[in-house]
Amino acid sequence: MLIYKEVHRLRGEGFSNSAIAKKLKISRNRVIEYGKMTPEEFYLFAISLQSRSKKLDPFREEILGWIKEHPDLSGAQVFDWLEDKLNVTAVTEGTVRNYVNDIREAYHIPKVLSEREFSAVPDLPMGLQIQVDFGQIRLPTTDGKYKRLYFIGFVLAHSRYKYVEWLDRPFRSNDLIRMHENAFRFYGGMSIEI
């Protein structure tokens, strides 16, 4: 009930849905959803959540343990781990993301964004090292909507020769293995270090 009240209080003060989501560390969709509900509707919604079982309830303890150990874990990563470690395939990524958000809210575990450290690498001999990096970008489509694309980039440390692959969904373990193998084929060999 506290988050519901905070959503309405912040809306009353003129904050945008995105700003409220950031302040309360909940999803923007949840802010919109709560913003449309009357107190009575929210009460009935909260009661229904307590009695309703969810597809991921059998894995709640594992997911909670992962989130406690790694507060920066994303819903996409939990989705991948469920598939890779527990062979869970009957759920969508959106279902997992919502479940992770519910657990974070119930146990007051905010998502901690980890800071990345960057440093210059000294010139290395040929064949010693490949740097691998990930990224994502949101691009407009021809129908005026937006699509998020994900990429993996490989850079040879000596020559700075690059190789990149793109996907229209977050990476899974089997994608990463295949992409590494493709990069090694492209380069004509494998480096000593990655």
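A residue is called buried when its relative accessible area is under 20%, exposed when that area is over 50%, and partly exposed in between, using a 1.4 Å probe and protein chains only. By that scale R160, with a relative accessible area of 40%, is partly exposed. The model is predicted, so local features need pLDDT of at least 70 and side-chain atom pairs count only at pLDDT 80 or more, while totals for chains, interfaces and linings use all residues. Residues are numbered from 1 along each chain as its sequence is written, and side-chain values use heavy atoms, with hydrogens and water left out.

**Overall build**

- The protein has eight helices and three strands; helices (H or I, at least four residues) and strands (E, at least two) are DSSP runs, numbered from the N terminus.
- Along the sequence, the elements follow the pattern α-α-α-α-α-α-α-β-β-β-α.
- The radius of gyration of the protein is 21 Å, whereas a compact globule of 194 residues would have one near 16 Å; the radius is taken over C-alpha atoms, and the globule rule is 2.2 Å times the number of residues to the power 0.38.
- Taken along the principal axes, the C-alpha atoms fill a box of roughly 65 × 40 × 35 Å.
- Contact means heavy atoms within 4.5 Å. Among contacts between residues at least 6 apart in sequence, 48% join residues at least 24 apart.

**Surface and charge**

- Of the 194 residues, 28% count as buried.
- The accessible surface comes to about 13,200 Å², and 55% of this surface belongs to carbon and sulfur atoms; such areas come from the Shrake-Rupley method with a 1.4 Å probe, and for residues only the protein chains shown count as cover.
- There are 29 positive and 26 negative side chains, with the centres of the two sets 5 Å apart. Lys and Arg count as positive and Asp and Glu as negative, while His and the chain ends are not counted; the place of a charge is NZ of Lys, CZ of Arg, CG of Asp or CD of Glu.

**Nonpolar core**

- A nonpolar core is a set of buried Ala, Val, Leu, Ile, Met, Phe, Trp, Tyr and Cys residues joined through side-chain atoms within 4.5 Å.
- The largest nonpolar core has 16 residues, of which L56, I63, V78, L82 and V96 touch the most other members. Two or more residues of this core come from each of α5 (60-69), α6 (75-86) and α7 (93-107).
- Apart from its neighbours within four places in sequence, V96 is in contact with L56, G75, V78, F79, L82 and V91.
- G94 is found in helix α7 and counts as partly exposed, at 24% relative accessibility. From G94 to L156 the C-alpha distance is 36 Å, and the two are 62 residues apart in sequence.

**Around helix α3**

- I26 lies in the loop between α2 (17-24) and α3, and counts as buried at 12% relative accessibility.
- Not counting residues up to four places away in sequence, I26 touches I3, V7, A21, V31 and E105.
- I26 and N101 are 75 residues apart along the chain, yet their C-alpha atoms are separated by 6.9 Å.
- R28 is in helix α3 (residues 28-36) and is partly exposed, with 43% relative accessibility.
- With neighbours within four places in sequence left aside, R28 is in contact with N17, S18 and A21.
- The C-alpha atoms of R28 and E6 are separated by 14 Å, and these residues are 22 apart along the chain.

**Positive phi in loops**

- N87, which is not a glycine, has a positive phi of about 55 degrees. N87 lies in the loop between α6 and α7 and is exposed, with a relative accessible area of 63%.
- R160 is also a residue other than glycine with a positive phi, near 65 degrees. R160 lies in the loop between β2 (146-156) and β3 (162-167).
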